[in-house]
Each structure stands twice: as C-alpha cells, then as structure tokens.
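Please read the following walk through a single protein model with its sequence and coordinates open alongside.

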Amino acid sequence: MMKERDKVCLLMWDEMLLQLHVDYDTKKKHIVGFEDFGAKRRARFADHALIFMVRGIQNGWKFPLAYYFCDGVTKTDQLIEWIKDIVKIIINSGLYLVAFVCNDKKSNLMAINKLKLESARLESKQGRPYYGYITIKKQNIIPLYDPPHLIRDIRNNLLNNDLEFDVEEGEERKFASWEVIEQAYHMDLTHTMYRLMPKITAEHIIKNKVKKKKVKNAAQVLSMTMGGFIHHHTKLEGMYLCKFSIKTEARCNYTYINM
C-alpha cells in the first residue's frame, strides 16, 4: 500500500527525433513506423516520439505512462488534448498530481500558455484570484520548465546581453557579462600543464563556436568551477575580471553566476 505522501507526483514529457524506419509487428500484425496516436493511426512516416512519464516527488519512483509516434513536432492542440487525457488518468488513479515538467520549446510554451489562459478564465468566472497554475479536473497543477534547459537559455542570452543583478536601493548597479567568462577561459589557457578548467573548450566560450542547443556545455560554463576560478583570480593582486557599472566607471565590479 502506497503512503499518502508517496502519492504526490509530477507529470513530465519530452519529444525526441527518430530515424525514419518501418517494420512489421508479428504479434499485433501491423506495420510500425507510421504515425500512431493509440486510438488513431495514419499512413504518415513517424519521425518524432512523444513520451509521458509520471514521477513521485517524495521518493522518486517513475512510471512511463504513454508514448505517441508523430509526423513532425506534435501540434499544440494535440499536445493539450493528450495532457488533459493523461492528467485525468493520473487523478482517477488516486495520485496527487501537483506539477508539470517539460522543456521550453515552442510547442510546450504554447500548450502551457493556452492551458494557463483556460484556467485564468475559469477562475475569473468564479470570482477567484488566479496565481499562474493550471486547473484540470479541479486539480491545481504548477507548470515548471526543465532546469538544465533554463541554464542553457541563460547562457544563450548571456552571449549577447549582460545580466543585471538585483541590488539594494542606492547601491551601484552590477552586471554579469560573457566578457568575464571569456577572460577567465583565456587566463586558464596560460596554465598549459595544469589547467584548472580542463573541460572548458573553445566550443564552450568562443561565440561563433558555441553550440547553442548543447545543454551540457552550458551547465559546464555556468558552474561552480567557473565561478570559483573567477572568484579566486579576482581576489589576486593585480588581476581583475570585471564589468564596469553603467552608472559609474570609477570602480570595477566583479559579478558571476553561482550555479
């Protein structure tokens, strides 16, 4: 018997690219490799698979719940339909669904925003305040985006834009800049025998070589290793890794992301 706290769970989904291929399933006696939505199959080659999985928050149990083969990226309305169907199955099973987790690609963003809009309208009709959750079958569900992909998005924005930090009123404005990370990388290269950041390469740092879709590289750049290197060398006498404040250039402000 599952304890009540172990029933608290989240629903996650992701879509992956497939190589076109057809095969014959001798048990089901049909050809696989075409678009397949479970109750509906179409004579279109499937090049994407969408997988839904439910996971326990308390102890991390996992259960793959559904998968679909699609021709191209799943359309927003179709994704919303599947989300609603799967949520109803989870709730009817007695589990306590509290969150969604997905990456921030366009189809997911559009689906989440449409579901939030529906929920906001429902709350408005009933005269209740709306707090950004999604309501399905009277269950409030919090939409979350996959943290590794958010790290990648921060890195991609930081390539061409400075990141401003929150500071107390009256304090000098502070910024994180990709220039600081570039400086740190080139300084590390001078230690030819004992580099402190051996995993960091030109593909991580040089703008025209950065692979913007690679999550691993983004996580390695915005890491404690990079932050520690910058922090250590900023403290050394005569060495500065800095970004000047917009308000004043009288002092050099060092800022870095600690992730």
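Strands are DSSP runs of E with at least two residues, and they are numbered from the N terminus. In this predicted model, D6 belongs to the segment before β1, the strand that covers 8–17. Although D6 is buried, this residue has no salt bridge, and the nearest side chain of opposite charge, that of R5, is 4.3 Å away. Since a salt bridge requires a side-chain nitrogen of Lys or Arg within 4 Å of a carboxyl oxygen of Asp or Glu, that separation can be read directly against the cut-off. When residues up to four places away in sequence are not counted, D6 touches Q58, N59 and W61.

The largest pocket, to which we turn next, has a volume of about 370 Å³. Its lining is made up of 19 residues, and those that lie nearest the centre of the pocket are V32, G33, D36, Y67 and F69. Two or more lining residues are given by each of β2 (23–25), β3 (30–32), β4 (34–36) and β7 (62–70), with β7 supplying the largest share, 3 residues. Sorted by class, the lining of this pocket holds 9 nonpolar, 5 polar and 5 charged residues.

Finally, consider L115, which is found in helix α2, spanning residues 106–125. L115 counts as buried because its relative accessibility is 1%. Apart from its neighbours within four places in sequence, L115 is in contact with I80, I83, K84 and I134. A further reference point is I136, which is 21 residues from L115 along the chain, with the C-alpha atoms of L115 and I136 separated by 8.9 Å.

Conventions. Residues numbered from 1 in each chain as written. Predicted model: local features only at pLDDT ≥ 70, side-chain atom pairs only at ≥ 80, totals over all residues. Heavy atoms only, no water. 1 Å grid on protein atoms, 1.4 Å probe; cavity = no way out; pocket = protein on both sides within 12 Å on 5 of 7 lines; lining within 4 Å. Points joined across faces, edges and corners; volume = space filled by probe spheres on them. Helix = DSSP H or I, 4+ residues; strand = E, 2+ residues; numbered from the N terminus. Nonpolar A, V, L, I, M, F, W, Y, C, P; charged D, E, K, R; others polar. Buried < 20%, exposed > 50% of the residue type's maximum accessible area, 1.4 Å probe, protein only. Lys, Arg positive; Asp, Glu negative; His and termini not counted. Contact = heavy atoms within 4.5 Å.
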